[in-house]
Amino acid sequence: MGGGVEFQPGSIVEGAGQPVSGTAVRQLTSVDASREQGKAFPGGFDAFTEDGTLGILGSYGPTEFHLTDASGNRLNIDPSMPALIEMPLSIEGPNVGDEIPVWSLDETFGVWVSEGVGEVVASGDSPTGRALRASVTHFSWWNPDVMLGEQRLIELV
């Protein structure tokens, strides 16, 4: 379905944040949100905005960005050296040049966290001919989404 990542030389780090060198394995996994979204979608559709509002997302198609060393140990990005990711959009709607919010999956709690915006670009590899390009500071599941509505939290006594 397309997708990609560009990172700066020297920006890949191991779990403790120390720079690494040598061979790395990059894996990108995209979910076609127009088909089996409910079955293959990582986490739930719950999300927290930057101001802490809880809401429900409508996804254009998440992509996991996963990097390991030759031994299978997970690697990440030095947060001071962001990477540029590109996620294929599998749902029609946005046009080239539009901005869409990007969300990363908090794998501990299974909720999406708002992390800025990306720009829609043309992509010959995407099913819609468009992808979302965004600057990110960690590898994770990333998701170009729109907030469909807010949830109201109530306290049960």
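Me: Okay, and how many aromatic pairs does the structure hold?
Reply: There is one aromatic pair in the structure. It brings together the rings of Phe 7 and Phe 139, with centres 6.4 Å apart and planes at 75 degrees, so the pair is edge-to-face.

Me: Where do Phe 7 and Phe 139 lie?
Reply: Both are in loops: Phe 7 between strand S1 (4-6) and strand S2 (12-13), and Phe 139 between S11 and S12. The pair therefore ties together parts that are 132 residues apart in sequence.

Me: What about Phe 139, buried or exposed?
Reply: Phe 139 is buried, with a relative accessible area of 5%.

Me: How much of the protein chain is buried?
Reply: Of the 157 residues in the protein chain, 39% are buried. As for the surface, the chain exposes about 8500 Å², and 49% of that is supplied by carbon and sulfur atoms.

Me: And what share of the contacts joins residues 24 or more positions apart?
Reply: Counting contacts with a separation of 6 or more, 74% are between residues 24 or more positions apart.

Me: New topic: salt bridges. How many are there?
Reply: The count is two salt bridges. One of them joins Arg 133 and Glu 86, whose closest N and O atoms are 2.7 Å apart. That pair links distant parts of the chain, since Arg 133 is in strand S11 and Glu 86 in strand S8 (residues 83-88), 47 residues apart.

Me: Are those two residues buried or exposed?
Reply: Arg 133 is partly exposed at 35% relative accessible area, whereas Glu 86 counts as buried at 17% relative accessibility.

Me: Which residue forms a salt bridge with Glu 92?
Reply: That would be Arg 130, and the closest N and O atoms of the pair are 2.6 Å apart. Glu 92 lies in the loop between S8 and strand S9 (99-106), while Arg 130 lies in strand S11, so this pair ties together parts 38 residues apart in sequence.

Me: Is Glu 92 buried or exposed?
Reply: Glu 92 is exposed, with a relative accessible area of 54%.

Me: Now Asn 143. Where does that one lie?
Reply: Asn 143 is in strand S12 (residues 141-150). Asn 143 is buried, with a relative accessible area of 0%.

Me: Which side chain does Asn 143 join in a polar contact?
Reply: The side chain of Asp 145, through a polar contact of 2.9 Å.

Me: What should I do where pLDDT is low?
Reply: The predicted coordinates should not be read in detail there.

Conventions: Residues are numbered from 1 along each chain as its sequence is written. This is a predicted model: local features need pLDDT of at least 70, side-chain atom pairs count only at pLDDT 80 or more; totals for chains, interfaces and linings use all residues. Side-chain values use heavy atoms; hydrogens and water are left out. Buried means under 20% relative accessible area, exposed over 50%, partly exposed in between (1.4 Å probe, protein chains only). Contact means heavy atoms within 4.5 Å. Accessible areas come from the Shrake-Rupley method with a 1.4 Å probe; for residues, only the protein chains shown count as cover. A salt bridge is a side-chain nitrogen of Lys or Arg within 4 Å of a carboxyl oxygen of Asp or Glu. Helices (H or I, at least four residues) and strands (E, at least two) are DSSP runs, numbered from the N terminus. A polar contact is a pair of N or O atoms within 3.5 Å; within protein, one must be able to donate a hydrogen and the other to accept it, and residues adjacent in sequence count only if both atoms are side-chain atoms. Rings of Phe, Tyr and Trp (its six-membered ring) pair if their centres lie within 6.5 Å; planes under 30 degrees apart count as stacked, over 60 as edge-to-face and the rest as tilted.
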